Amino acid sequence: MKGIYVLIIAVDKNIQPKIGSLGKINFEQGIYAYVGSAQNNLEKRIARHLSKSKNKFWHIDYLLGSRAAKIVKVSYKKSGKSEECRIAHELAKTQTQIPNFGCSDCTCKSHLFKIRDENTLNSELKKLGLKLCL
C-alpha cells in the first residue's frame, strides 16, 4: 500500500540528540507529530519506525533512537507522495514547526511539529482523512 503516515511521538524529558547533518536539536518534553510517506509498502515503513533496532537513515530515526522518545499513535492515509507535503502545510498552520526536520527532499519548512494541543491535532488529522492504526 502507498500512503502517508503521521507518527505521534511522546518525548518524556528535554533532550538534545544529534539529528544527522542537522546537528544537535533541542526537543522539549511533550508531544510531537512527524509526517512521512511510503510509496512502497506503508506497513513495513511504519513497522520500521516502531522498531528500536535499525540503522539511522532519516532524521526521524535519530529522534526515535533516544530512550526519551516513543511512538504512541500512528495515523495513515492511502495516497500519493504529494499528500505528505499538503498535510505538513496544514499542520504548520496550528502547530510549532521544528525547522528543516524531515523535509530535505521537498520545499517544506518542516515535517515535524511540536503539538500545542492534542485535541486540535486529532481533529485536524481526522479532517485530513487520516485513520488511526495504533
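User: In what order do the elements of the protein chain run from the N terminus on?

Analyst: In this predicted model, the order is β-β-α-α-β-α-β-β-α-β. That gives 4 helices and 6 strands.

User: What makes the protein chain as compact as a globular protein of that length?

Analyst: The globule rule takes 2.2 Å times the number of residues to the power 0.38. For 134 residues the rule gives 14 Å, and the radius of gyration is 13 Å, close to that value, so the chain is as compact as a globular protein of that length. The C-alpha trace spans about 35 × 30 × 30 Å along its principal axes.

User: What share of the residues counts as buried?

Analyst: Buried means under 20% relative accessible area. By that cut-off, 47% of the 134 residues are buried.

User: Which residues of helix H1 are buried?

Analyst: In H1, residues 42-50, they are Leu42, Ile46 and His49.

User: How do you know that these buried residues line one face of the helix?

Analyst: Seen down the axis of H1, they fall within an arc of 55°, so they line one face.

User: What covers the buried residues of H1?

Analyst: The cover includes strand S1 (3-11), strand S2 (30-38), helix H2 (59-64) and strand S3 (69-78).

User: What share of the contacts with a separation of 6 or more joins residues 24 or more positions apart?

Analyst: The share is 67%, where contact means heavy atoms within 4.5 Å.

User: How many side chains are positive and how many negative?

Analyst: There are 24 positive and 11 negative side chains. The centres of the two sets lie 4 Å apart.

Methods. Residues numbered from 1 in each chain as written. Predicted model: local features only at pLDDT ≥ 70, side-chain atom pairs only at ≥ 80, totals over all residues. Heavy atoms only, no water. Buried < 20%, exposed > 50% of the residue type's maximum accessible area, 1.4 Å probe, protein only. Helix = DSSP H or I, 4+ residues; strand = E, 2+ residues; numbered from the N terminus. Arc of directions from axis to C-beta. Lys, Arg positive; Asp, Glu negative; His and termini not counted. Charge placed at Lys NZ, Arg CZ, Asp CG, Glu CD.
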